[in-house]
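I opened the notebook to record what I looked up in this structure, one entry per topic.

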Amino acid sequence: MVQAVMTIAAEEEMPGAKRRSSLIRSPQFSSLIILIVLLAVFAIADANFLSPLNISNMMAFLPELGIIALGMTLLLTAGEFDLSVGAVFGLAPVVVMLLVQNGEVSIGVALLAGLILCVAIGAINGLIVTKIGISSFLVTLSMLLVVRGAALYITQGFPLKSWDQPGFFVTLLAGSFNIGSFRFYTSLWWFVGLSLLAIYILRYAKLGNWISAIGSNRNAAVARGVPADAVKIWLFILTSVLAGLAGMISAFRISAASPVAGTGYELEVIAMVVVGGTALTGGRGTILGTIVGALMLRAIRNGIVLIGVPGLAYNIFVGVIILAMLILHALLQKNAARS
């Protein structure tokens, strides 16, 4: 009798043990552990790292790249990526400011026009990739050059003064608030809200199942009735719109719209997503991992400056971290396959 009770208890505990084991082997868990270690190292190396002022500075910029990373996570999960997001980040606010300053357009209408332009850029990317069949790497690399060139041409390479008059849109995109000694921007709420929406889509909605299925095996997904091309086109549009929105938030925050803003962001965003555990080959994505990856890269950028490492060495640190995380994720995936 006692033995039977013990056997039943052991069987009841197995699912929980399996869940814990699966969590420990997950890419986002390993990324979280590395993030904690990095935070501890930087905090020990410099006491100012965890000061309210420094944390406020880190959190001022984090949501802007994080918002782009959310769209990139969904797109990568579907097996595609977008190299034009950094250029869109720069072009969207430039177009908005030119419309306001030269076109005598209200700021609200200008913002809407900027987002419509982002929709068009994303749609072009998606249509060429899905309907013509060209690799998203080549398509979005070309679009990067077109968009960046357009931003430089219409501004003659000079930055524009952004909208800085108090009002609804300034408060909505670049307002600030204090929590104790910490100062945050409203972009943090944008990031939190969009993160929750992305988590719901990827984990609980039918669309999330479609996205993962397309990234794992597109032909099989199509055979089961998944509208793969339409999903990918809308994901390209979403990623472009989020990049434009992030650019507008940044321009409002710093009161300047530069045609070269966002240079290199496409690679940094992909790094955040991959470090967080999303597979470059598609089929596996994690929004929580992306949030951890965004925090990790921002902490590295901030921490190496505080401890006296030249800022130009940032790419070295990021490259080493990405390689280490890719190796770790590959090993975890192999162990999971064996199990």
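**Ala256.** I began with the contacts of Ala256 in this predicted model, and, setting aside residues up to four places away in sequence, I found that Ala256 touches Leu160, Ser162 and Ala251. Ala256 belongs to strand β4, which covers residues 256-257. I then looked up its accessibility, which is 27% in relative terms, so Ala256 counts as partly exposed, a class that lies between the cut-offs of 20% and 50%. I also checked a pair in sequence and space: Ala256 and Leu288 are separated by 32 residues along the chain, and their C-alpha atoms are 31 Å apart.

Gln156 sits in the loop between α6 (136-155) and β1 (160-161), and with a relative accessible area of 56% Gln156 is exposed.

**Helix α11.** I next checked the geometry of α11, residues 228-254, whose 27 residues should span 39 Å at 1.5 Å a residue; the C-alpha atoms at its ends are 39 Å apart, which agrees. For burial I found that 21 of the 27 residues of α11 are buried, so this helix is largely enclosed by the rest of the structure.

**α8 against α11.** How do α8 and α11 pack, and at what angle? Helix α8, residues 187-203, packs with α11 at an angle of about 160°, and their axes are 11 Å apart. Because the cut-off for this class is over 145 degrees, I record α8 as roughly antiparallel to α11. The crossing of these two helices is left-handed. On the α8 side I listed Ser187, Trp190 and Leu194, which meet Leu242, Leu245 and Ile249 in α11. Sorted by class, this contact has 5 nonpolar residues, 1 polar residue and no charged residues.

**α3 against α13.** I then turned to α3 (residues 52-77) and α13 (residues 287-306), whose axes come within 9 Å and cross at roughly 140°. That angle makes α3 oblique to α13. The crossing in which α3 passes α13 is right-handed. From α3 the contact involves Asn54, Met58, Phe61, Leu62, Ala69, Leu70, Thr73 and Leu74, while α13 brings Ile287, Thr290, Ala294, Leu295, Arg298, Ala299, Asn302 and Leu306. By class I have 11 nonpolar, 4 polar and 1 charged residues for the contact of α3 with α13.

**Ser31.** Leaving out neighbours within four places in sequence, I list its contacts as Val275, Gly276, Val292, Met296, Met325 and His329.

How values were computed
Residues are numbered from 1 along each chain as its sequence is written. This is a predicted model: local features need pLDDT of at least 70, side-chain atom pairs count only at pLDDT 80 or more; totals for chains, interfaces and linings use all residues. Side-chain values use heavy atoms; hydrogens and water are left out. Axes are lines fitted to C-alpha atoms, for helices over the stretch in contact, and angles run from 0 to 180 degrees between N-to-C directions. Helices (H or I, at least four residues) and strands (E, at least two) are DSSP runs, numbered from the N terminus. Angles under 35 degrees count as roughly parallel, over 145 as roughly antiparallel, 65 to 115 as roughly perpendicular and the rest as oblique. A crossing is left-handed if the near helix is turned anticlockwise from the far one by less than a right angle, and right-handed if clockwise. Contact means heavy atoms within 4.5 Å. Ala, Val, Leu, Ile, Met, Phe, Trp, Tyr, Cys and Pro count as nonpolar, Asp, Glu, Lys and Arg as charged, and the others, Gly among them, as polar. The expected span of a helix is 1.5 Å times one less than its number of residues. Buried means under 20% relative accessible area, exposed over 50%, partly exposed in between (1.4 Å probe, protein chains only).
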